[in-house]
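Biologist: Could you take me through the charged pairs and the helix packing here, step by step?

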Amino acid sequence: MMDPIDDRVFAPSVLRNRMPILSVLKTVLPSRGLVLEVASGSGEHIIYFAQQLPQLQWQPSDPSPTARASIAAWTATENLSNVRSPIDIDATARPWPVTDVDAIVAINMAHISPWSATQGLLREAGRLLSAGGLLYLYGPFRQVEVTLAPSNVAFDEDLRQRDASWGLRHLADIEAQASEVGLVMSDIIPMPANNLSVILRRL
């Protein structure tokens with residue numbers, strides 16, 4: 001039988017940003033409940049958060065079978081009982097196969113997916129979250145009257161060359177879409193390397 005460790009994927013960026021993200025999550029996540037991560041990728045973020053916030057239940061998801069195998073391998077390796085089996089969620093498809101979610105986390109998703117994926121994320125967050133429920137977004141974004149850092153300009157150009165449907169999203173567009181589904185942008189927190197933590201709440 002193949003060792004499940006062999007399925008683990010390592011993303012170098014996780015080691016750079018997981019602690020700053022955790023610092024924010026500690027201040028905004030509920031004390032108890034289920035946190036859904038959309039586009040969990042390698043699974044390293046959710047494993048780290050589950051270790052640091054063991055009072056919460058964590059539901060990883062990703063449309064990629066390779067990613068889901070990595071998440072399962074990381075969960076088994078770390079022997080975590082508060083991380084559920086990864087599920088297949090395509091953010092553009094509705095409805096998602098999950099209920100009773102207290103918070104939703106999406107890290108580095110909006111810019112590495114079509115705009116329709118962000119729209120789907122917002123729609124499902126509006127459907128799944130109860131009043132006061134949290135949607136947390138992390139990554140580089142465009143803002144009104146804020147000059148984009150040169151590194152993010154280059155990153156945006158690289159993304160669009162790789163896939164014309166990718167690219168840095170404007171927070172004004174996200175806020176407009178969010179308002180249509182009962183979400184309000186409650187905070188924008190500067191993060192290292194010209195990233196942002198964006199906090200949305202269900203009305």
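**Salt bridges and a helix face**

Modeller: In this predicted model, Arg 162 is exposed, with a relative accessible area of 53%.

Biologist: Which residue meets the side chain of Arg 162 in a salt bridge?

Modeller: Residues three or four places apart in an α-helix point the same way, because there are 3.6 residues a turn. Arg 162 lies in helix 5, and four residues from it, about one turn of the helix, lies a residue that counts as partly exposed at 33% relative accessibility. The two side chains meet at 3.5 Å, N to O, and the partner of Arg 162 is Asp 158.

Biologist: Is Asp 156, which forms a salt bridge with Arg 160, buried or exposed?

Modeller: Both residues lie in helix 5 (residues 150-162), four residues apart, and the closest N and O atoms of the pair are 3.1 Å apart. Arg 160 counts as partly exposed at 37% relative accessibility. Since buried means under 20% relative accessible area, the 5% of Asp 156 makes this residue buried.

Biologist: How many residues apart are Arg 94 and Glu 124?

Modeller: Arg 94 forms a salt bridge with Glu 124, with 3.1 Å between the closest N and O atoms. This pair links distant parts of the chain, Arg 94 being in the loop between helix 3 (65-78) and strand 3 (103-107) and Glu 124 in helix 4, and their separation is 30 residues.

Biologist: Which residues of helix 6 (residues 171-179) are buried?

Modeller: The buried residues pack against helix 4 (115-128), strand 4 (134-139), strand 5 (183-191) and strand 6 (195-202). They are Leu 171, Ile 174 and Ala 178.

Key. Residues numbered from 1 in each chain as written. Predicted model: local features only at pLDDT ≥ 70, side-chain atom pairs only at ≥ 80, totals over all residues. Heavy atoms only, no water. Buried < 20%, exposed > 50% of the residue type's maximum accessible area, 1.4 Å probe, protein only. Helix = DSSP H or I, 4+ residues; strand = E, 2+ residues; numbered from the N terminus. Contact = heavy atoms within 4.5 Å. Salt bridge = Lys/Arg side-chain N within 4 Å of Asp/Glu carboxyl O.
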